[in-house]
Amino acid sequence: MPAEYANLGLVAGQQDDHIGWDIGAAAVSEELGRQLEAPAVLSGASRLVVDCNRDLPDADLMPSVSCGIAIPGNARIEATERAARLTNFYDPFHAAVDDALVAHPGALLLSVHSFTPALHGRERPFDVGVLFDAFGDVADELASGVTRAGFAVRLNEPYSGLDGLIFSARSHGGRHGVRYVELEINNRLLRTDADARAVAVRLTDAVGALLVSPARCAG
């Protein structure tokens, strides 16, 4: 959370929970990048400032409420402030993803996120979700590899790529004509940096196998 946003008016510590960031996702991404010698692109600010996995018209791009918690600093965002957030955080993230894909034609684009063990009182009793819309074969192969790594896996849960909920991967993947898929990891596995990096190591073979798989058409 950039200091100038003064926690967007939240009580100290609120932004440190899931509403403010995908717990452990950065560490997983960085470690996978190290293990596979691949670039990892991370957003530079809390998703409460601007959510880089949302399209510009999306109401949750700069949410006024998240998980039932009001975000005072987002209650009324002036046009100039909205533009500044896009210029300072949103646009650089997406430009960096584009640059990485230009530098690595034919790459696999993997989007990494984490989810809460329960939502609205409903348990999510699995470890990893593999989200997809177009590339079902890639998702199946990744899910099989993640299962072999000892994780409980579900396809298109806790969110579904078929509902348009993988914006960043879909938009960049489609623009550059590359395969794309998203991982959602239960954040109970990622509560410390060491735990998150250990999860990434366990996922390395499953992700790495996709890098040597022949490119296939979306289906």
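Where is H120 found? H120 sits in the loop between β4 (118-119) and β5 (122-123). The model is predicted: local features need pLDDT of at least 70, side-chain atom pairs count only at pLDDT 80 or more, and totals for chains, interfaces and linings use all residues. Residues are numbered from 1 along each chain as its sequence is written, and side-chain values use heavy atoms, with hydrogens and water left out. Helices (H or I, at least four residues) and strands (E, at least two) are DSSP runs, numbered from the N terminus.

**Packing of α1 and α5**

- Helix α1 (residues 25-36) packs on helix α5 (residues 193-211) at an angle of about 50 degrees, and their axes are 8 Å apart. Axes are lines fitted to C-alpha atoms, for helices over the stretch in contact, and angles run from 0 to 180 degrees between N-to-C directions.
- The pair α1 and α5 is therefore oblique. Angles under 35 degrees count as roughly parallel, over 145 as roughly antiparallel, 65 to 115 as roughly perpendicular and the rest as oblique.
- The crossing of α1 past α5 is right-handed, meaning that the near helix is turned clockwise from the far one by less than a right angle.
- On the α1 side the contact (heavy atoms within 4.5 Å) is made by A27, V28, E30, E31, L32, R34, Q35 and L36. On the α5 side the residues are D193, A196, R197, A200, V201, L203, T204, V207, G208 and L211.
- By class, the residues of this contact are ten nonpolar, three polar and five charged. Ala, Val, Leu, Ile, Met, Phe, Trp, Tyr, Cys and Pro count as nonpolar, Asp, Glu, Lys and Arg as charged, and the others, Gly among them, as polar.

**Nonpolar core**

- In the largest nonpolar core there are 52 residues, and V28, V50, L142 and L203 have the most contacts inside it. Such a core is a set of buried Ala, Val, Leu, Ile, Met, Phe, Trp, Tyr and Cys residues joined through side-chain atoms within 4.5 Å.
- At least two residues of this core come from each of α1, α2 (79-103), β3 (108-115), β6 (128-131), α3 (136-148), α4 (167-176), β8 (179-186) and α5. The largest share, seven residues, is supplied by α5.
- Beyond its neighbours within four places in sequence, V50 contacts L61, M62, R85, L86, F89 and Y90.

**Helix α4 and strand β8**

- Buried residues (under 20% relative accessible area; exposed is over 50%, partly exposed in between; 1.4 Å probe, protein chains only) of α4 include F167, S168, A169, S171, H172 and G173. The buried residues of α4 pack against α2, β3 and β8.
- S168, in helix α4, has a relative accessible area of 9% and is therefore buried. Not counting residues up to four places away in sequence, S168 touches C52, N53, F93 and H94.
- R179 lies in β8 and counts as buried because its relative accessible area is 6%. R179 and G106 are 73 residues apart in sequence but 7.8 Å apart in space, C-alpha to C-alpha.

**Backbone features**

- The peptide bond joining E157 and P158 is cis, with omega about 5 degrees. P158 is in the loop between β7 (153-155) and α4.
- L8, in the segment before α1, is not a glycine but has a positive phi near 55 degrees. L8 counts as buried because its relative accessibility is 3%.
- H120 is likewise not a glycine and has a positive phi of about 55 degrees. H120 counts as exposed because its relative accessibility is 75%.
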